[in-house]
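Here are my notes for your first pass through this model. Keep the structure open beside you and check each point as you read.

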Amino acid sequence: NFQEHYEHLERIAAESSINILRGMELDLFDSKRWYNGYAHTVKILNPDYIIGAAHLIEYGGKLCNIHDIKKASADDQDKMLQAYWKKVQWLAKSGLCNFLAHIDLPARQNLGTDEKWTELEQETIDVIANSKIPVEINTALYKYADRPHPSSRIMQMCADKQIPMILSDDAHHTSHVCKYFDEAKKYADRFGVNLVGLDKVL
């Protein structure tokens, strides 16, 4: 489905002096069928970079969107959040992506923000550091709050572990391209994180 889109980007790149990189976002699943589909897609599209993200988790025999966790009971919410962080760890260790997107996505729904999640967050950050994979600072959260992803608590953990971080607008519309980058740079500077460009990541 994306092949026509990629070919369009190639034509634009050929007519332009701008270096255009084609990306792909993946959500990882423990399925041979999923992996075969992933491998087939990568072979056809040959993306320049792949972003790892956890938008969906498997819980109670169902596929659940992170944005729907808030509808669950308090006990199920906690178990689903635990499953979410374990999936982020799995993504980090998978070797299938170049960097990780919005690693505290549930915070958009004000979930998993209290202190009791600090230990699991730190465990996840340790896995990311050992996997040597960068983490994005996602400016899209400015549409919902006064800061980007991830939280200040996680930013400090990333800084302490010297995890490289990359600014990303997660643009779903042209008006979002590079939006809030100045604010995000100031946010990153507060913690002294190691900001890198996509060229360094690749």
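1. What radius of gyration would a compact globule of 202 residues have, and what does the protein have? The model is a predicted one. With 202 residues, a compact globule would come out near 17 Å; the protein has 17 Å, so the two agree. Along its principal axes, the C-alpha trace spans about 55 × 40 × 30 Å.

2. Now the overall make-up. The protein has seven helices and eight strands. Of its 202 residues, 42% are buried. Look also at which parts of the chain meet. Among contacts with a separation of 6 or more, 74% join residues 24 or more positions apart.

3. Turn to helix α3, residues 74–94. Its 21 residues should span 30 Å at 1.5 Å a residue. The end C-alpha atoms are 30 Å apart, which agrees. After α3 comes Gly 95, with a positive phi near 75°.

4. Which residues of α3 are buried? They are Gln 77, Met 80, Leu 81, Tyr 84, Trp 85, Lys 87, Val 88, Gln 89, Leu 91 and Ala 92. Read those numbers with the helix repeat in mind. An α-helix has 3.6 residues a turn, so residues three or four places apart point the same way.

5. The largest nonpolar core has 47 residues. Leu 100 and Ile 128 have the most contacts inside this core. The elements that give it two or more residues are β1 (23–26), α2 (32–45), α3, α4 (118–131), β6 (135–138), α5 (152–160) and α6 (181–191). The largest share, seven residues, comes from α3.

6. Residues up to four places away in sequence are not counted here. Leu 100 touches Val 88, Leu 91 and Ala 92, and its other partners include Ile 128, Ile 133, Pro 134 and Val 135.

7. β1 has a covered face, made by Met 24 and Leu 26. Its uncovered face holds Gly 23 and Glu 25. In β6, both faces are covered. Val 135 and Ile 137 lie on one side, Glu 136 and Asn 138 on the other, and all are buried. In a regular strand the side chains alternate between the two faces of the sheet.

8. Now the pairing. β1 pairs with strand β2 (residues 49–52) in the parallel sense, over four bridges. Tyr 49 in β2 is the bridge partner of Gly 23. The chain crosses from β1 through α2 to β2, and this β-α-β crossover is right-handed. β6 pairs with strand β7 (residues 164–168), in the parallel sense and over four bridges. There, Asn 138 stands opposite Ser 168 in β7.

9. Last, Glu 58. Is this residue buried or exposed? Glu 58 is exposed, because its relative accessible area is 55%, and the cut-off for exposed is over 50%. Glu 58 is found in strand β3 (residues 56–59). Leaving aside neighbours within four places in sequence, Glu 58 is in contact with Phe 29, Asp 30 and Leu 63. Glu 58 and Ala 83 are 25 residues apart in sequence; in space they are 7.9 Å apart, C-alpha to C-alpha.

Terms used. Residues are numbered from 1 along each chain as its sequence is written. This is a predicted model: local features need pLDDT of at least 70, side-chain atom pairs count only at pLDDT 80 or more; totals for chains, interfaces and linings use all residues. Side-chain values use heavy atoms; hydrogens and water are left out. The expected span of a helix is 1.5 Å times one less than its number of residues. Buried means under 20% relative accessible area, exposed over 50%, partly exposed in between (1.4 Å probe, protein chains only). A nonpolar core is a set of buried Ala, Val, Leu, Ile, Met, Phe, Trp, Tyr and Cys residues joined through side-chain atoms within 4.5 Å. Contact means heavy atoms within 4.5 Å. Two strands pair if DSSP finds at least two bridges between them. A crossover is right-handed if, with the strands pointing away from the viewer, the path from the first strand over the helix to the second runs clockwise. The radius of gyration is taken over C-alpha atoms; the globule rule is 2.2 Å times the number of residues to the power 0.38.
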